[in-house]
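My entries follow in the order in which I looked.

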Amino acid sequence: MTEVASTTSGARDRRAPDGVTTVKVWDPVVRITHWGVAAAVLGCSFLFEPEGKSAGLHQLFGYVGVGLVVLRLLWGLVGPRHARLSSFPPNPMAALRHLTDLHRGRRHVHLSHNPAGALMVYNLWASVIAMGVTGYMMGTVAYFGIDWVEEAHEVIYGWIMVSVVLHFAGIVLDTVLTRVPLVPAMITGRKRVPTDRLG
């Protein structure tokens, strides 16, 4: 079950304004893999010439992206509390309840990913792996030039781009409604949480 910020675990930041508590959430591995995967996808986007001069770099970015996702999944099994996959399991019903609560003004603060964000995280991880697998298949003798493999690769890439847009929209919405700046938290590792949202 995704953890709601119901305790004051984490040290109070004296530099924070009154009514705000900072809580250490994201460790360096989580942050590095997050931004690394984003950079890898961006790199693949700018170097989309499978048969051109940048083909090697395109493949390199793809392999790096998949490798970082695998590393993040492994870290989700052995890493610290908020990095654990058990802290944000994929649960469509919980995500729906979360979105309904936001619509009705019940705005919970989650120290780990909120249920909707968790679904997006797993979606992006699966999509990056699928894109890497189809990209690898395109370079093999068995699947080279096979239309459905190339089409699947392109469709998955398109889906990732749609997912990225929805991801950004979700971050903006959650930040505005909960008053928890999510982007700085993924840079510093600390979430600035309104004290009145902590139990």
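The entries below go from the whole chain to single residues.

**Ground rules.** I note that this is a predicted model, in which local features need pLDDT of at least 70 and side-chain atom pairs count only at pLDDT 80 or more, while totals for chains, interfaces and linings use all residues. I number residues from 1 along each chain as its sequence is written, and the side-chain values use heavy atoms, with hydrogens and water left out.

**Whole chain.** I looked up the secondary structure, taking helices (H or I, at least four residues) and strands (E, at least two) as DSSP runs numbered from the N terminus. The protein chain has 6 helices and 2 strands, and along the sequence they follow the pattern β-α-α-α-α-α-α-β. I then checked burial, where buried means under 20% relative accessible area, exposed over 50% and partly exposed in between, with a 1.4 Å probe and protein chains only. By that rule 41% of the 199 residues of the protein chain are buried.

**Helix H5.** I traced H5 over residues 147-178, and its 32 residues reach 46 Å from the first C-alpha to the last, close to the 46 Å expected at 1.5 Å a residue. The expected span is 1.5 Å times one less than the number of residues. The buried residues of H5 are Val 149, His 153, Ile 156, Ile 160, Ser 163, Ile 171, Asp 174, Leu 177 and Thr 178. What covers them includes helices H1 (28-46), H2 (55-78), H3 (92-103), H4 (115-138) and H6 (182-188), together with strand S2 (190-194). I looked at Ser 163 on its own: it counts as buried because its relative accessibility is 0%. Leaving aside neighbours within four places in sequence, Ser 163 is in contact with Met 120, Asn 123 and Leu 124.

**After H5.** Which residue follows H5? It is Arg 179, which lies in the loop between H5 and H6. Arg 179 has a positive phi of about 65 degrees although it is not a glycine, and I list it as partly exposed because its relative accessible area is 46%.

The 24 residues of H2 reach 35 Å from the first C-alpha to the last, close to the 34 Å expected at 1.5 Å a residue. Ala 55, His 58, Gly 65, Leu 68, Val 69, Arg 72 and Gly 76 are buried in H2, and their cover includes H1, H4 and H5. Leu 77 is also found in H2, but I list Leu 77 as exposed because its relative accessible area is 55%.

**Nonpolar cores.** I took a core as a set of buried Ala, Val, Leu, Ile, Met, Phe, Trp, Tyr and Cys residues joined through side-chain atoms within 4.5 Å. Of the 14 residues in the largest nonpolar core, Val 37, Phe 88, Trp 125, Val 128 and Ile 160 touch the most other members. H1, H2, H4 and H5 each give two or more residues to this core, and H4 gives the most, with 6 residues. A second, separate core of 13 residues includes Val 25, Val 30, Ala 83 and Ile 171.

Thr 21 is found in strand S1, residues 20-24, and counts as buried because its relative accessible area is 7%. The C-alpha atoms of Thr 21 and Arg 192 are separated by 5.6 Å, although the two are 171 residues apart along the chain. Trp 35 lies in H1 and is partly exposed, at 39% relative accessibility. Leaving aside neighbours within four places in sequence, Trp 35 is in contact with Met 186 and Ile 187.

Technical notes: Contact = heavy atoms within 4.5 Å.
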